[in-house]
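Please keep the structure in view while reading.

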Amino acid sequence: MKADLRSDTITKPRPEMLDFMVQAPVGDDCYGDDPTVNELQQECASMFGKEAALFTCSGTMSNQLALKAHTQPGDEIILEKNYHINFFESGPSAHLAQIVLNPVHTEDGVLTPALIEDAINAKPRSPIYSNPRLICLENTIAYYGGKIFPFAVLGAIRTFALKKDMKVHMDGARILNACVATGISPEEYAKCADTVSLCFAKGLGAPFGSILMGDEETINRAKMFRKWYGGGLHQAGFMAAGALYGLRNAWPRLQDDHAKSRLLNNLLKQSEFSFPVSENVDTNIVIFDIKKTSLSAPEFVHHMETRGVCLFPWLGSQVRAVTHQDVSYPEIEWAAKEIMLEAAKLAHKNNQIVYSFPAPRESTIIRAAI
Ligand SMILES: *Cc1c(COP(=O)(O)O)cnc(C)c1O
């Protein structure tokens, strides 16, 4: 068996999606002529209750366009230190938008008006200093195990931002995971931000693309920068069709990805050598700790890869597993057993300890763990 749990970005388009893609009517999107791109943009704008939407190459590009569209060089952005925009995109953010990131440290990734106010007050503010112009949020919060951003706090931040004349961008790469898990609609979430992004190449199973939504003026600005960054595409309708297919068909199935993560998290709880960092998972990301094996996360991940379980090394001794449509329930059960067995063996070898592994569970018990 094999289980690739590195990310939900590894999902490949299903045959039905590919059929839909090759049959899509296309045109030159740089002339606004691609009917499928236009349909995708209209459908997303209406689903999220925004005036306009822009199809982009990647989640990173959507974020970078939002930063550029909302700010002037030298402006400051307040966000949490482990959000994608700070954790992975500090280089492009400095290079492209030329802004200053002011990252807030939290335990759980949840920014609050009080924390944002503290970050604003931590520096002198007057027209001769950097202007805190934008708040960036993330939902779900990838670093913190796909945590759902509490809805009431989003509303409070939106009110705070309006009072401070600041804008809010929500990095919603996995916003639909939050929607299916909470029942809160895309439109309700989008009301809490000026711009929202969404990724099609993750749980939705499309091969390509992301979208940025907001008011017409901001999206027109983003469109200009998309062209400047080399992201103006021509017959992009083939790719937009994959995104549309995912949006229409894969969205409800995200529930299933969440059940797979709950199963994995519950199974890993049986092991003290690969124990999950959270009691519960909100969506499709499981983070577990292997410090008792005395291996680093990259070493453990490399070891598991040779056994057919692909994982992603997180910081320190934490390892990440993401569930998605291309991994089955039996593969999750198998992967969990492999992880637990190998972690126990490695801990035994590296620490010279005697371990006792729990007796194999009946699959009915495993099923009950979902
Ligand atoms: C995946 C992800 C991105 C970036 O998406 P790419 O398409 O890989 O550039 C941005 N933000 C978050 C929260 C993500 O999980």
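The residues that line the largest cavity are Asp8, Ala173, Arg174, Ile175, Leu176, Asn177, Leu198, Cys199, Lys202, Gly203, Leu204 and Leu254. Two elements each give two or more residues to this lining, namely helix 8 (175-182) and strand 7 (195-199). Helix 8 has the largest share, with three residues. The structure discussed here is a predicted model.

The volume of the largest cavity is about 50 Å³. When the whole structure is searched, one cavity of 30 Å³ or more is found. Which classes of residue form the lining of the largest cavity? Seven of these residues are nonpolar, two are polar and three are charged.

## The largest pocket

The largest pocket has a volume of about 450 Å³. Its lining consists of 26 residues, and those closest to the centre of the pocket are Thr9, His84, Ala173, Arg174 and Lys202. Helix 3 (59-70) and helix 4 (84-87) are the elements that give two or more residues to the lining of this pocket. With three residues, helix 3 gives the most.

By class, the lining of the largest pocket contains 10 nonpolar, 10 polar and six charged residues.

## The ligand and its surroundings

Where is the ligand found? The ligand sits in the largest pocket. The residues that surround the ligand are Ser58, Gly59, Thr60, Asn63, His84, Glu138, Asp171, Ala173, Arg174, Cys199 and Lys202. Helix 3 gives the most to this shell, with three residues. The shell divides into two nonpolar, five polar and four charged residues.

In Thr60, a polar side-chain atom lies 2.6 Å from an oxygen atom of the ligand. An N or O atom in the side chain of Asp171 is 2.6 Å from a nitrogen atom of the ligand. In the side chain of Arg174, an N or O atom is 3.1 Å from an oxygen atom of the ligand. On its own, the ligand has 380 Å² of accessible area, of which the protein covers 81%.

## The second largest pocket

The second largest pocket holds about 310 Å³ of space. It is lined by 16 residues, and the closest to its centre are Tyr144, Gly145, Lys147, Val277 and Ser278.

Which element gives the largest share of the lining of the second largest pocket? That element is strand 10 (residues 285-289), from which three residues come. Sorted by class, the lining of the second largest pocket has seven nonpolar, six polar and three charged residues.

## Two points of the backbone

Most residues other than glycine have a negative phi, and most peptide bonds are trans. Against this background, two places in the chain may be examined.

The peptide bond that runs from Asn139 to Thr140 is cis, and its omega is near 0°. Thr140 belongs to the loop between strand 5 (132-138) and helix 7 (151-164). The other place is Gln98, which is not a glycine and yet has a positive phi of about 55°. Gln98 is located in the loop between helix 5 (90-97) and strand 4 (100-104).

How values were computed:
Residues are numbered from 1 along each chain as its sequence is written. This is a predicted model: local features need pLDDT of at least 70, side-chain atom pairs count only at pLDDT 80 or more; totals for chains, interfaces and linings use all residues. Side-chain values use heavy atoms; hydrogens and water are left out. On a 1 Å grid over the protein atoms alone, a cavity is a set of points where a 1.4 Å probe fits but cannot get out, and a pocket is an open set with protein on both sides within 12 Å along at least five of seven lines; lining residues have an atom within 4 Å of a point. Grid points are joined across faces, edges and corners, and a volume is the space filled by probe spheres set on the points. Helices (H or I, at least four residues) and strands (E, at least two) are DSSP runs, numbered from the N terminus. Ala, Val, Leu, Ile, Met, Phe, Trp, Tyr, Cys and Pro count as nonpolar, Asp, Glu, Lys and Arg as charged, and the others, Gly among them, as polar. A residue is near a molecule or strand if one of its heavy atoms lies within 4 Å of it. A polar contact is a pair of N or O atoms within 3.5 Å; within protein, one must be able to donate a hydrogen and the other to accept it, and residues adjacent in sequence count only if both atoms are side-chain atoms. Accessible areas come from the Shrake-Rupley method with a 1.4 Å probe; for residues, only the protein chains shown count as cover. A molecule sits in a cavity or pocket if more than half of its atoms lie within 2 Å of its grid points.
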